[in-house]
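Here is a friendly walk through one model, going from its sheet to its helices and then to a few single residues. Have the viewer open and follow along.

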Amino acid sequence: MKVFSFVFENARNSLLKAVSTRTGFILSRPLQVSIEPNERCNARCLMCDCWKETRDFLNADDILNVIRELKEWMGSNFFIQIAGGEPLIFKGITGIFRYCADNRIICKISTNGISLTKPVCDRIIASGLKYLTISIDSHIPEIHDKYRGVKRAFDRAMKGLDYLHRHSDMVLGISSIIMQENVGHLKDFTDFLLGLPVHRIIFQPVRAYGIPLSKWQEYEFWVTDLQALDEGIEYIKARKKEDPRIINTFGHLDLMKDYFRDPKSILNSRKCHIGYEQLNISYKGDVTLCNAFPKIGNIREGSLRAMWTSEQAKEIRKKMQACRFPCTSNCKKEFSIREKIEKFKVFLKAGLFH
(Lines give C-alpha, C1' and ligand atoms only; values in the text may rest on other atoms or scores of the structure.)
Protein backbone atom coordinates (compact mmCIF):
# COMPACT_ATOMS: atom_id res chain seq x y z
CA MET A 1 0.00 0.00 0.00
CA LYS A 2 1.10 3.57 -0.69
CA VAL A 3 0.77 4.57 2.94
CA PHE A 4 3.30 2.01 4.17
CA SER A 5 5.90 2.75 1.51
CA PHE A 6 5.52 6.51 2.08
CA VAL A 7 5.91 6.19 5.85
CA PHE A 8 8.82 3.76 5.53
CA GLU A 9 10.70 5.94 3.05
CA ASN A 10 10.25 9.06 5.19
CA ALA A 11 11.37 7.22 8.33
CA ARG A 12 14.39 5.88 6.45
CA ASN A 13 15.20 9.37 5.19
CA SER A 14 15.08 10.74 8.73
CA LEU A 15 17.74 8.25 9.75
CA LEU A 16 19.84 9.07 6.71
CA LYS A 17 19.46 12.77 7.49
CA ALA A 18 20.84 12.20 10.98
CA VAL A 19 23.81 10.35 9.52
CA SER A 20 24.33 13.03 6.87
CA THR A 21 24.41 15.87 9.38
CA ARG A 22 27.02 14.08 11.46
CA THR A 23 29.29 12.75 8.74
CA GLY A 24 29.04 15.30 5.94
CA PHE A 25 28.15 12.55 3.46
CA ILE A 26 24.84 13.44 1.77
CA LEU A 27 22.86 10.24 2.10
CA SER A 28 19.40 11.72 2.63
CA ARG A 29 17.16 12.90 -0.21
CA PRO A 30 14.78 15.85 -0.69
CA LEU A 31 11.47 14.15 0.00
CA GLN A 32 9.84 17.59 0.35
CA VAL A 33 9.96 19.61 -2.87
CA SER A 34 8.44 23.08 -3.14
CA ILE A 35 7.78 24.29 -6.68
CA GLU A 36 6.77 27.83 -7.60
CA PRO A 37 5.65 27.58 -11.26
CA ASN A 38 4.84 31.28 -11.48
CA GLU A 39 4.83 34.48 -9.49
CA ARG A 40 1.93 36.06 -11.33
CA CYS A 41 -1.19 36.36 -9.21
CA ASN A 42 -4.83 37.35 -9.66
CA ALA A 43 -4.97 38.87 -6.17
CA ARG A 44 -3.51 42.21 -5.11
CA CYS A 45 -2.52 41.31 -1.58
CA LEU A 46 -1.34 44.16 0.63
CA MET A 47 1.25 41.89 2.30
CA CYS A 48 3.23 41.03 -0.85
CA ASP A 49 3.94 42.23 -4.38
CA CYS A 50 4.04 38.95 -6.33
CA TRP A 51 1.14 40.21 -8.43
CA LYS A 52 3.38 42.89 -9.94
CA GLU A 53 5.06 40.19 -12.05
CA THR A 54 3.45 40.16 -15.52
CA ARG A 55 4.96 37.07 -17.16
CA ASP A 56 5.93 33.48 -16.51
CA PHE A 57 9.54 32.29 -16.82
CA LEU A 58 8.73 28.57 -16.77
CA ASN A 59 6.23 26.45 -18.67
CA ALA A 60 4.40 23.23 -17.84
CA ASP A 61 7.03 21.08 -19.57
CA ASP A 62 9.74 22.58 -17.35
CA ILE A 63 7.80 21.54 -14.26
CA LEU A 64 6.95 18.09 -15.63
CA ASN A 65 10.60 17.48 -16.49
CA VAL A 66 11.54 18.33 -12.91
CA ILE A 67 8.97 15.91 -11.51
CA ARG A 68 10.06 13.16 -13.90
CA GLU A 69 13.65 13.66 -12.83
CA LEU A 70 12.65 13.50 -9.17
CA LYS A 71 10.69 10.30 -9.81
CA GLU A 72 13.64 8.65 -11.57
CA TRP A 73 15.82 9.61 -8.63
CA MET A 74 13.54 8.88 -5.66
CA GLY A 75 10.57 6.84 -6.88
CA SER A 76 7.15 8.19 -5.90
CA ASN A 77 7.52 8.57 -2.15
CA PHE A 78 8.15 12.29 -2.09
CA PHE A 79 5.85 15.23 -1.50
CA ILE A 80 5.38 18.16 -3.87
CA GLN A 81 4.11 21.52 -2.65
CA ILE A 82 3.00 23.85 -5.46
CA ALA A 83 2.52 27.51 -4.63
CA GLY A 84 3.06 30.89 -6.24
CA GLY A 85 2.01 33.48 -7.10
CA GLU A 86 -1.27 31.84 -7.91
CA PRO A 87 -0.70 28.36 -9.39
CA LEU A 88 -4.23 27.99 -10.74
CA ILE A 89 -3.56 30.67 -13.38
CA PHE A 90 -0.45 28.85 -14.62
CA LYS A 91 -1.02 27.37 -18.09
CA GLY A 92 -1.01 23.57 -17.98
CA ILE A 93 -1.28 23.30 -14.20
CA THR A 94 -3.94 20.56 -14.25
CA GLY A 95 -1.70 18.46 -16.51
CA ILE A 96 0.91 18.63 -13.76
CA PHE A 97 -1.69 17.49 -11.23
CA ARG A 98 -2.66 14.62 -13.52
CA TYR A 99 0.93 13.45 -13.94
CA CYS A 100 1.40 13.37 -10.16
CA ALA A 101 -1.87 11.48 -9.67
CA ASP A 102 -1.06 8.96 -12.39
CA ASN A 103 2.35 8.32 -10.83
CA ARG A 104 1.06 8.21 -7.24
CA ILE A 105 3.08 11.25 -6.21
CA ILE A 106 1.48 13.27 -3.42
CA CYS A 107 0.92 16.81 -4.68
CA LYS A 108 -0.45 19.73 -2.68
CA ILE A 109 -1.25 23.21 -3.93
CA SER A 110 -1.85 26.46 -2.10
CA THR A 111 -4.29 28.89 -3.68
CA ASN A 112 -6.04 32.14 -2.82
CA GLY A 113 -9.27 30.53 -4.03
CA ILE A 114 -10.26 33.34 -6.38
CA SER A 115 -10.06 31.05 -9.42
CA LEU A 116 -12.16 28.26 -7.90
CA THR A 117 -15.10 28.59 -10.28
CA LYS A 118 -17.17 25.49 -11.11
CA PRO A 119 -15.33 24.80 -14.42
CA VAL A 120 -11.93 25.16 -12.75
CA CYS A 121 -12.99 22.97 -9.83
CA ASP A 122 -14.22 20.32 -12.29
CA ARG A 123 -10.86 20.33 -14.06
CA ILE A 124 -9.02 20.05 -10.76
CA ILE A 125 -11.20 17.13 -9.67
CA ALA A 126 -10.73 15.38 -13.02
CA SER A 127 -6.95 15.80 -12.71
CA GLY A 128 -6.85 13.62 -9.60
CA LEU A 129 -5.28 16.28 -7.37
CA LYS A 130 -5.48 15.03 -3.81
CA TYR A 131 -4.55 17.96 -1.60
CA LEU A 132 -5.55 21.66 -1.80
CA THR A 133 -5.16 24.49 0.71
CA ILE A 134 -6.89 27.87 0.50
CA SER A 135 -5.52 31.01 2.14
CA ILE A 136 -8.18 32.71 4.29
CA ASP A 137 -7.22 35.50 6.65
CA SER A 138 -10.55 36.44 8.21
CA HIS A 139 -14.09 35.13 8.54
CA ILE A 140 -15.22 38.72 7.96
CA PRO A 141 -15.48 39.12 4.15
CA GLU A 142 -14.65 42.82 4.20
CA ILE A 143 -11.37 42.22 6.04
CA HIS A 144 -10.33 39.28 3.86
CA ASP A 145 -11.19 41.13 0.64
CA LYS A 146 -9.35 44.23 1.81
CA TYR A 147 -6.10 42.33 2.27
CA ARG A 148 -6.52 40.29 -0.90
CA GLY A 149 -7.23 43.46 -2.88
CA VAL A 150 -10.04 41.82 -4.86
CA LYS A 151 -13.79 42.21 -4.39
CA ARG A 152 -15.67 39.03 -3.44
CA ALA A 153 -12.42 37.13 -2.94
CA PHE A 154 -13.85 35.61 0.25
CA ASP A 155 -17.12 34.54 -1.39
CA ARG A 156 -15.31 32.99 -4.36
CA ALA A 157 -13.00 31.02 -2.11
CA MET A 158 -15.87 29.79 0.07
CA LYS A 159 -17.96 28.72 -2.92
CA GLY A 160 -15.00 26.89 -4.41
CA LEU A 161 -14.29 25.15 -1.11
CA ASP A 162 -17.91 24.06 -0.78
CA TYR A 163 -17.99 22.74 -4.36
CA LEU A 164 -14.77 20.74 -3.91
CA HIS A 165 -16.08 19.31 -0.64
CA ARG A 166 -19.36 18.19 -2.21
CA HIS A 167 -17.96 16.82 -5.45
CA SER A 168 -14.58 15.29 -4.52
CA ASP A 169 -12.69 13.35 -1.89
CA MET A 170 -9.88 15.88 -1.92
CA VAL A 171 -7.94 16.65 1.27
CA LEU A 172 -8.85 20.29 1.90
CA GLY A 173 -7.05 22.75 4.13
CA ILE A 174 -7.00 26.37 5.26
CA SER A 175 -3.91 28.49 5.85
CA SER A 176 -4.31 31.73 7.78
CA ILE A 177 -1.98 34.61 8.58
CA ILE A 178 -2.24 36.21 12.02
CA MET A 179 -1.85 39.99 11.80
CA GLN A 180 -3.08 43.12 13.55
CA GLU A 181 -6.34 43.38 11.62
CA ASN A 182 -7.60 39.91 12.56
CA VAL A 183 -5.94 39.28 15.94
CA GLY A 184 -8.93 40.68 17.84
CA HIS A 185 -11.21 38.17 16.13
CA LEU A 186 -9.12 35.01 16.55
CA LYS A 187 -11.67 33.23 18.74
CA ASP A 188 -14.54 33.70 16.30
CA PHE A 189 -12.22 33.10 13.36
CA THR A 190 -11.02 29.79 14.82
CA ASP A 191 -14.60 28.65 15.42
CA PHE A 192 -15.47 29.62 11.86
CA LEU A 193 -12.56 27.66 10.40
CA LEU A 194 -13.37 24.57 12.46
CA GLY A 195 -16.91 24.76 11.12
CA LEU A 196 -15.70 24.46 7.53
CA PRO A 197 -15.57 21.10 5.68
CA VAL A 198 -11.76 20.93 5.80
CA HIS A 199 -9.25 18.37 7.04
CA ARG A 200 -6.45 20.63 8.23
CA ILE A 201 -5.96 24.21 9.47
CA ILE A 202 -2.70 26.03 10.05
CA PHE A 203 -1.98 29.51 11.43
CA GLN A 204 1.12 31.48 10.51
CA PRO A 205 2.36 34.85 11.86
CA VAL A 206 2.73 37.69 9.39
CA ARG A 207 6.28 38.26 8.26
CA ALA A 208 7.79 41.56 7.16
CA TYR A 209 9.35 40.50 3.86
CA GLY A 210 12.14 42.72 2.59
CA ILE A 211 12.28 44.81 5.77
CA PRO A 212 15.31 44.79 8.13
CA LEU A 213 14.70 42.81 11.31
CA SER A 214 15.13 45.93 13.43
CA LYS A 215 12.12 47.45 11.64
CA TRP A 216 9.74 44.49 11.84
CA GLN A 217 7.79 45.86 14.79
CA GLU A 218 7.11 49.02 12.77
CA TYR A 219 5.55 46.98 9.96
CA GLU A 220 1.97 48.13 9.40
CA PHE A 221 0.51 44.62 9.70
CA TRP A 222 2.52 43.64 12.79
CA VAL A 223 0.47 42.50 15.79
CA THR A 224 0.58 45.17 18.49
CA ASP A 225 -2.49 44.15 20.52
CA LEU A 226 -0.60 41.62 22.60
CA GLN A 227 -3.46 40.93 25.02
CA ALA A 228 -5.70 39.95 22.11
CA LEU A 229 -2.85 37.85 20.73
CA ASP A 230 -2.36 35.95 24.00
CA GLU A 231 -6.08 35.33 24.41
CA GLY A 232 -6.44 34.25 20.81
CA ILE A 233 -3.46 31.86 20.92
CA GLU A 234 -4.71 30.27 24.13
CA TYR A 235 -8.13 29.79 22.54
CA ILE A 236 -6.58 28.16 19.47
CA LYS A 237 -4.63 25.81 21.75
CA ALA A 238 -7.79 24.90 23.66
CA ARG A 239 -9.66 24.14 20.45
CA LYS A 240 -6.68 22.13 19.15
CA LYS A 241 -6.99 19.81 22.15
CA GLU A 242 -10.55 19.09 21.01
CA ASP A 243 -9.90 19.04 17.29
CA PRO A 244 -6.54 17.86 15.83
CA ARG A 245 -7.35 19.46 12.46
CA ILE A 246 -5.40 22.45 13.80
CA ILE A 247 -1.97 21.12 12.87
CA ASN A 248 0.20 23.80 14.50
CA THR A 249 2.16 22.34 17.39
CA PHE A 250 1.51 23.85 20.81
CA GLY A 251 5.11 25.02 20.80
CA HIS A 252 4.68 26.79 17.47
CA LEU A 253 1.58 28.58 18.75
CA ASP A 254 3.37 29.71 21.91
CA LEU A 255 6.32 30.86 19.82
CA MET A 256 4.10 33.44 18.13
CA LYS A 257 3.63 35.29 21.43
CA ASP A 258 7.38 35.85 21.77
CA TYR A 259 7.74 36.50 18.06
CA PHE A 260 5.38 39.48 18.04
CA ARG A 261 6.76 40.87 21.31
CA ASP A 262 10.31 40.83 20.00
CA PRO A 263 11.28 38.83 16.91
CA LYS A 264 14.93 38.91 17.98
CA SER A 265 14.00 36.94 21.09
CA ILE A 266 13.35 33.79 19.05
CA LEU A 267 16.62 33.72 17.15
CA ASN A 268 17.15 30.10 16.25
CA SER A 269 19.12 28.30 18.93
CA ARG A 270 19.22 24.89 17.26
CA LYS A 271 20.93 23.87 14.04
CA CYS A 272 18.73 23.97 10.95
CA HIS A 273 18.76 20.66 9.08
CA ILE A 274 16.05 21.37 6.54
CA GLY A 275 18.72 21.48 3.83
CA TYR A 276 19.05 17.72 4.16
CA GLU A 277 15.44 16.95 3.27
CA GLN A 278 13.96 19.79 1.22
CA LEU A 279 14.42 21.48 -2.16
CA ASN A 280 12.83 24.68 -3.41
CA ILE A 281 12.38 25.60 -7.08
CA SER A 282 11.56 29.23 -7.80
CA TYR A 283 9.44 30.69 -10.58
CA LYS A 284 12.67 31.36 -12.49
CA GLY A 285 13.89 27.80 -12.07
CA ASP A 286 16.45 28.57 -9.37
CA VAL A 287 17.06 25.71 -6.95
CA THR A 288 17.65 26.41 -3.26
CA LEU A 289 17.81 24.47 -0.01
CA CYS A 290 16.18 27.45 1.73
CA ASN A 291 14.88 30.62 0.13
CA ALA A 292 16.96 32.69 2.54
CA PHE A 293 20.20 31.32 1.07
CA PRO A 294 21.85 31.46 -2.38
CA LYS A 295 20.79 29.06 -5.12
CA ILE A 296 22.63 25.80 -5.76
CA GLY A 297 21.72 25.80 -9.45
CA ASN A 298 18.92 26.16 -11.97
CA ILE A 299 16.70 23.44 -13.42
CA ARG A 300 17.84 24.36 -16.92
CA GLU A 301 21.52 24.07 -16.09
CA GLY A 302 22.00 20.58 -14.67
CA SER A 303 20.56 17.67 -12.74
CA LEU A 304 18.89 18.13 -9.37
CA ARG A 305 20.73 15.15 -7.97
CA ALA A 306 24.10 16.67 -8.87
CA MET A 307 23.08 19.98 -7.31
CA TRP A 308 21.91 18.21 -4.15
CA THR A 309 25.29 16.58 -3.54
CA SER A 310 27.45 19.42 -4.89
CA GLU A 311 30.20 21.12 -2.89
CA GLN A 312 28.23 24.36 -3.16
CA ALA A 313 25.23 22.71 -1.51
CA LYS A 314 27.44 21.32 1.25
CA GLU A 315 28.82 24.79 1.98
CA ILE A 316 25.34 26.28 2.10
CA ARG A 317 24.21 23.55 4.51
CA LYS A 318 27.01 24.57 6.86
CA LYS A 319 25.80 28.16 6.74
CA MET A 320 22.21 27.04 7.28
CA GLN A 321 23.19 25.13 10.40
CA ALA A 322 24.68 28.35 11.76
CA CYS A 323 21.58 30.39 10.83
CA ARG A 324 20.07 32.30 13.74
CA PHE A 325 17.30 34.08 11.86
CA PRO A 326 13.98 34.34 13.78
CA CYS A 327 12.32 31.84 11.48
CA THR A 328 8.75 30.72 12.15
CA SER A 329 8.37 28.63 9.01
CA ASN A 330 6.74 25.19 9.10
CA CYS A 331 10.07 23.49 8.54
CA LYS A 332 11.27 24.74 11.93
CA LYS A 333 8.43 23.25 13.96
CA GLU A 334 9.20 20.36 16.26
CA PHE A 335 6.53 17.66 16.46
CA SER A 336 6.20 15.38 19.45
CA ILE A 337 5.53 11.68 18.81
CA ARG A 338 1.92 12.21 19.84
CA GLU A 339 1.51 15.18 17.49
CA LYS A 340 3.04 13.20 14.62
CA ILE A 341 0.56 10.39 15.22
CA GLU A 342 -2.38 12.80 15.43
CA LYS A 343 -1.32 14.58 12.24
CA PHE A 344 -0.88 11.28 10.42
CA LYS A 345 -4.33 10.11 11.58
CA VAL A 346 -5.89 13.30 10.16
CA PHE A 347 -4.31 12.69 6.75
CA LEU A 348 -5.10 8.97 6.81
CA LYS A 349 -8.76 9.59 7.68
CA ALA A 350 -8.98 12.21 4.97
CA GLY A 351 -7.87 9.68 2.38
CA LEU A 352 -4.55 11.29 1.48
CA PHE A 353 -2.95 7.93 0.69
CA HIS A 354 -5.85 6.36 -1.24
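## Ground rules

Two strands count as paired if DSSP finds at least two bridges between them. Strands (E, at least two residues) and helices (H or I, at least four) are DSSP runs, numbered from the N terminus.

This is a predicted model, in which local features need pLDDT of at least 70 and side-chain atom pairs count only at pLDDT 80 or more, while totals for chains, interfaces and linings use all residues. Residues are numbered from 1 along each chain as its sequence is written, and side-chain values use heavy atoms, with hydrogens and water left out.

## The sheet as a whole

Nine strands make up an open sheet with mixed pairing, in the order β6-β5-β4-β3-β2-β1-β7-β8-β9. At its edges stand β6 (200-205) and β9 (297-298); each has a single partner strand, so one side of each is left without a neighbour in the sheet.

## Inside the sheet

Four bridges pair β1 with β7 in the parallel sense, and isoleucine 35 stands opposite isoleucine 281 in β7. β1 also pairs with β2 in the parallel sense, again over four bridges, with valine 33 facing isoleucine 80 in β2. Further along, strand β3 (residues 106-111) runs parallel to strand β4 (residues 131-135), joined by four bridges; here isoleucine 109 stands opposite leucine 132.

How are the faces of β7 and β2 placed? A residue is buried if its relative accessible area is under 20%, exposed if over 50%, and partly exposed in between (1.4 Å probe, protein chains only). Strand β7 (residues 278-281) is covered on both faces, with Gln278 and Asn280 buried on one side and Leu279 and Ile281 buried on the other. β2 is likewise covered on both faces: Phe79 and Gln81 are buried on one side, Ile80 and Ile82 on the other.

## The β7-β8 hairpin

β7 runs antiparallel to strand β8 (residues 286-288), and two bridges join them. One of the bridge partners is threonine 288 in β8, which pairs with asparagine 280. The two strands form a hairpin with four residues between them, and glycine 285 in the turn has a positive phi of about 90°.

## Helix packing

For the angles below, axes are lines fitted to C-alpha atoms, for helices over the stretch in contact, and angles run from 0 to 180 degrees between N-to-C directions. Contact means heavy atoms within 4.5 Å. Helix α3 (residues 93-102) lies across β2 (79-82) and β3, running at about 170° to β2. α3 also packs against α2 at an angle of about 15°, with the axes 10 Å apart. The contact involves Ala60, Ile63, Leu64, Ile67, Arg68 and Lys71 of α2, and Gly95, Ile96, Tyr99 and Cys100 of α3.

A second pair is helix α8 (residues 186-194) and helix α9 (residues 226-242), whose axes come within 8 Å and cross at roughly 25°. These helices are therefore roughly parallel too. Their contact is made by Leu186, Lys187, Thr190, Asp191 and Leu194 of α8 with Glu231, Gly232, Ile233, Tyr235, Ile236 and Arg239 of α9.

Leaving aside neighbours within four places in sequence, the contacts of asparagine 38 include Asp56, Pro87, Phe90 and Tyr283.

Isoleucine 105 lies in the loop between α3 and β3 and counts as buried at 5% relative accessibility. Beyond four places in sequence, isoleucine 105 is in contact with residues including Ile67, Phe78, Ile80 and Tyr99. The C-alpha atoms of isoleucine 105 and lysine 130 are 9.7 Å apart, with 25 residues separating them along the chain.

Lysine 257 belongs to helix α10 (residues 250-261). Is lysine 257 buried or exposed? At 16% relative accessibility, lysine 257 counts as buried. A polar contact of 2.4 Å joins its side chain to that of glutamate 234. Such a contact is a pair of N or O atoms within 3.5 Å; within protein, one must be able to donate a hydrogen and the other to accept it, and residues adjacent in sequence count only if both atoms are side-chain atoms. Not counting residues up to four places away in sequence, lysine 257 touches Leu229, Asp230, Ile233 and Glu234.

Definitions and conventions:
Angles under 35 degrees count as roughly parallel, over 145 as roughly antiparallel, 65 to 115 as roughly perpendicular and the rest as oblique.
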